[in-house]
Amino acid sequence: MLKTGFPPIADSATRLFILGSLPGDRSLALQRYYGHPTNHFWRLVGAVINEDLHAADYDQLLAVLLRHGIGLWDVFHAAKRDGSADSTIRDARHNPLAGLARDYPDLRAIAFNGGTAAREGRRAFADAHAIELIDLPSSSAANTAPFEAKLAAWKRLTSVLADR
């Protein structure tokens, strides 16, 4: 079944893009980035930016990200996939990632949420020497690493956002 992702969440002040692979089935059904309640994304980002995102509704979450210079998107625009596992992605169509540096002049870094996003996404930035590329452990509950281990890696994003 062909699954199509979402448009980017960003504005002219975006300094960091966090790129996933492709939204999972629950996120697609809800039409929300990181919509599955077991995904640690919002908890991890909240810890990075020192904001309690637990009680925020989706529109508030997106507004907080933008206020901190964080954009969201995915490496894949669409793909065939059974279920939500990245390992079953087939016939993927990539988003036009190479244009991010041009379209967002304040962009300093791209963070890849998970191995598939990093492996596939880094190809688009082979010539983007001024942009830091950061590989992060997946925020998905399918990544069974302890939350604290994920958070330690995600804390690298604070340096990108520090001098805002």
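Here are a few notes on a predicted model, covering its sheet and one lysine.

1. Before you start: residues are numbered from 1 along each chain as its sequence is written. Because the model is predicted, local features need pLDDT of at least 70 and side-chain atom pairs count only at pLDDT 80 or more, while totals for chains, interfaces and linings use all residues, and side-chain values use heavy atoms, leaving out hydrogens and water.

2. The sheet is open, with four strands in the order 3-2-6-7 and parallel pairing (strands are DSSP E runs of at least two residues, helices H or I runs of at least four, both numbered from the N terminus; two strands pair if DSSP finds at least two bridges between them). At its edges sit strand 3 (70-74) and strand 7 (132-136), each pairing on one side only.

3. Strand 2 (residues 16-20) and strand 6 (residues 109-113) run parallel and are joined by four bridges. Leu16 has Ala109 as its bridge partner in strand 6. Helix 2 (residues 41-49) packs on the sheet and touches strand 2, strand 3 and strand 6 (contact means heavy atoms within 4.5 Å).

4. Now look at Lys3, in strand 1 (residues 2-4). Lys3 counts as buried because its relative accessibility is 6% (buried means under 20% relative accessible area, with a 1.4 Å probe and protein chains only).

5. What does the side chain of Lys3 make a polar contact with? Its partner is the side chain of Asp25, at 2.5 Å (a polar contact is a pair of N or O atoms within 3.5 Å, one able to donate a hydrogen and the other to accept it within protein; residues adjacent in sequence count only if both atoms are side-chain atoms). A polar atom of the Lys3 side chain also lies 3.0 Å from the backbone oxygen of Arg81.

Terms used. Axes fitted to C-alpha atoms, helices over the stretch in contact; angles between N-to-C directions. Buried < 20%, exposed > 50% of the residue type's maximum accessible area, 1.4 Å probe, protein only.
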